[in-house]
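Let's take a walk through this model together, one region at a time. Here are the sequence and the structure.

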Amino acid sequence: MKIKFIIVASIIFLIVLLVGCQSTKDTEINVLATSDLHSIIPDNLISYVEEERKYDENLLMVDAGDFFDSGEVFGSSMDSYFSARYKDGDNNTESYIETPLSKDMKEVGYDVAVLGNHEFISNNKFYLDNMISDFEKQKINILSANTYKKNGDSYTKPYIIKNINTPEGNVKLGILGLTIKEVGER
């Protein structure tokens, strides 16, 4: 008898708990996502985002990776791209010129970009670090939850929590970046 009472009480408690956790408010959050830009922001993307922002100023822009031209597609590599931007070619950071793509993506309104396999093709950590720095200067978060430094620390932020103001109140949205596992197999 005691066990039946405990089971029935537990079921009633769970039902009350589940009913109490349901929200009566719905809110819509719009996210536009791209991938495989390979350093080119299409004109039709710019006009599309401008039109969508007329309806939703809180629109989030996310890129899922391969935003930088890896060289496999357009014939130039990250090495040649960045080498051309150093005066003496010896990785002198004082002569570094920012990555134009970071400014272009900021103008479109990107909030986040996730590292894809193409960002790693050159295998030059110095250039990759500088590219990430350029995006961070533009206030575009670069994410990858599963890429690590040699000491085991995360290479970039694994995720961000974005606060979005909606008519129903503030909503916290988590964005997690994952890079394909083949990157670590090179």
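Helix H5 keeps Tyr 127, Leu 128, Asn 130, Met 131, Ile 132, Asp 134 and Phe 135 buried, where buried means under 20% relative accessible area with a 1.4 Å probe, protein chains only. Helices (H or I, at least four residues) and strands (E, at least two) are DSSP runs numbered from the N terminus. This is a predicted model, in which local features need pLDDT of at least 70, side-chain atom pairs count only at pLDDT 80 or more, and totals for chains, interfaces and linings use all residues. Residues are numbered from 1 along each chain as its sequence is written, and side-chain values use heavy atoms, with hydrogens and water left out.

Just after H5, Lys 139 has a positive phi of about 65 degrees.

Now turn to helix H4, residues 100-108, whose buried residues are Leu 101, Ser 102, Met 105 and Val 108. Seen down the axis of H4, these fall within an arc of 125 degrees, so they line one face of the helix; the arc is that of the directions from the helix axis to the C-beta atoms. They pack against helix H2 (43-55), strand E2 (60-63), strand E3 (112-114) and H5 (125-137). Gly 109 follows H4, and its phi is positive, near 110 degrees.

Further along, Thr 147 sits in the loop between strand E4 (141-143) and E5. Thr 147 is buried, with a relative accessible area of 9%. Leaving aside neighbours within four places in sequence, Thr 147 is in contact (heavy atoms within 4.5 Å) with Phe 120, Asp 153, Ser 154, Tyr 155 and Thr 179.

Terms used
Buried < 20%, exposed > 50% of the residue type's maximum accessible area, 1.4 Å probe, protein only.
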